[in-house]
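Here is a short briefing on one protein chain. Keep the sequence and the 3D view open while you read.

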Amino acid sequence: MKNKTITVLIVAFALFFTIFIVQTSKDLSESNAKILSSKNVVDAGELISTRIKVTDKVISDNEWLSTGFNDDSWKLIKIPSYKAVRDKNFKVGNSIYYRIRIPKKAFNKISHLENESFFAINGIYLSSFDLFINGEFYKRYSPKNSGENRVLVPVRDHVDNLVAIKGLIRSGDTGIDSRDKIMLGKGVELNAIHSADYKAQTVFQLVFILCKGSILFIFGLIYLLIKVDHSFEKFLVFGLCTLLEELIAGDYFYGPLNFNQMVYFYDLVNVGAALSVFLFLAQVTKTQISKKAVWIFSLCLLVVSLFLAIDSLHFNYFVDLSAFMKFWNLLT
């Protein structure tokens, strides 16, 4: 009777948790569509033109910040889809420069706005960078210390604008690397959507922690009711891995670890959590599994997950970072 009760609890909770993840992920993925439905915001991805230069040389600000500067020799890219890390000169210690031109025709659909236009750039993963607007210094950002990897840039209405970014590449930096759209529109609305997204993701993280806390409670219940004393170390490993995973997902390690290192660490703790659950359930169900089978399972899981982690960081051929995290959420 006890085993049946525990099984029903686990299955019911797993179904609820899976439905929650799918629905919440769907809501978050639709945030771009919600903001672009506003008459005060437009998708600027196809309207702007961006050129990039990654070099070991320092370029004079008086030279590259000029609106008349000839940047034809610079690489023409599309942000945010272009991966700067693929550039042969993308190395620690080198400099990275972006010149983003916003033509005056981009303001046609928001011509009713006067002195309220902002350009939103998401996911600037540089340890620090300087931002310039039309040749003038605007602000220095340090995302690694303050989490400001999303910036709102005030631009002038109905004229050509130049937004320039200069950064020094450090370990873990990836440049402009975002899955969100680049937008142009009313600053108040862009900030409101950003705030709503932040709250949604905060709630998501909180409920996630509560759900995983419930998982720990269920495992504790199994331990107390069935008295599987020899499985306690697996329960302990699972709890520790779960705690570390939430700390990584909440960016609490961002600073001591760079972005890439956090993704690999996230992968390893999830492998540990999945393996501990696998072995724990095998003992509860009294299933005999050879050590060779455990090693093969562990090695296969590690190889597959590391492959997905590398792809999510550098290539996005199979998964992006969001899909990679979703893979582990559903699996564990």
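Asp 71 is buried, with a relative accessible area of 5%. That value is under 20%, so Asp 71 counts as buried. The model is predicted.

- Side chains of opposite charge can pair when their charged atoms come close.
- How many salt bridges does the structure hold? The count is seven.
- One of them joins the side chains of Arg 51 and Asp 71, at 3.6 Å from N to O. Arg 51 sits in strand S2 (residues 49-55), while Asp 71 sits in the loop between helix H3 (61-64) and strand S3 (75-77). The two residues are 20 apart, and the pair links distant parts of the chain. Arg 51 and Asp 71 are both buried.
- Arg 99 also forms a salt bridge with Asp 71, at 2.9 Å from N to O. Arg 99 lies in strand S4 (residues 95-102) and Asp 71 in the loop between H3 and S3, so this pair ties together parts that are 28 residues apart in sequence. Arg 99 is buried, as is Asp 71.
- Arg 101 meets Asp 71 in a salt bridge too, at 3.5 Å from N to O. Arg 101 lies in S4 and Asp 71 in the loop between H3 and S3, so the pair ties together parts that are 30 residues apart in sequence.
- Is Arg 101 buried or partly exposed? Its relative accessible area is 27%, so Arg 101 is partly exposed.
- Put together, Arg 51, Asp 71, Arg 99 and Arg 101 are linked in a network of salt bridges.

**Aromatic pairs**

- A pair of aromatic rings is described by the distance of the centres and the angle of the planes.
- The count of aromatic pairs comes to eleven.
- Among them is the stacked pair of Trp 64 and Trp 74, with 6.3 Å from centre to centre and 20° between the planes. Trp 64 lies in helix H3 and Trp 74 in the loop between H3 and S3, so this pair ties together parts that are ten residues apart in sequence.
- Trp 64 has a relative accessible area of 0%, so it is buried. Trp 74 counts as buried because its relative accessibility is 5%.
- Another aromatic pair, Phe 307 with Phe 318, is tilted: the centres are 5.5 Å apart, and the planes make an angle of 55°. Phe 307 is in helix H8 (residues 291-314), and Phe 318 is in the loop between H8 and helix H9 (321-331). These two residues are eleven apart, and their pair links distant parts of the chain.
- Phe 307 has 46% relative accessibility, so it counts as partly exposed. Phe 318 has 60%, so it counts as exposed.
- Which residues do ring pairs link into a cluster? They are Trp 64, Phe 69, Trp 74, Tyr 97, Phe 132 and Phe 137.

**Strand S5 and its neighbours**

- Strand S5 spans residues 117-122 and is mostly covered, with five of its six residues buried.
- S5 runs antiparallel to strand S12 (residues 183-186), and four bridges join the two. Here Phe 118 stands opposite Gly 185 in S12.
- S5 also pairs with strand S9 (residues 150-154), in the antiparallel sense, over five bridges. The bridge partner of Asn 122 in S9 is Arg 150.
- In a regular strand the side chains alternate between the two faces of the sheet.

**Backbone details**

- The peptide bond from Ile 79 to Pro 80 is cis, with omega near 10°. Look for Pro 80 in the loop between S3 and S4.
- Asn 134 is not a glycine, yet its phi is positive, near 50°. This residue lies in the loop between strand S7 (129-133) and strand S8 (136-141). Its relative accessibility is 19%, so Asn 134 counts as buried.
- His 158 is another residue other than glycine with a positive phi, near 60°. His 158 lies in the loop between S9 and strand S10 (161-168). Its relative accessible area is 34%, so His 158 is partly exposed.

How values were computed:
Residues numbered from 1 in each chain as written. Predicted model: local features only at pLDDT ≥ 70, side-chain atom pairs only at ≥ 80, totals over all residues. Heavy atoms only, no water. Salt bridge = Lys/Arg side-chain N within 4 Å of Asp/Glu carboxyl O. Buried < 20%, exposed > 50% of the residue type's maximum accessible area, 1.4 Å probe, protein only. Phe/Tyr/Trp six-rings, centres within 6.5 Å; stacked < 30°, edge-to-face > 60°. Pairing = 2+ DSSP bridges.
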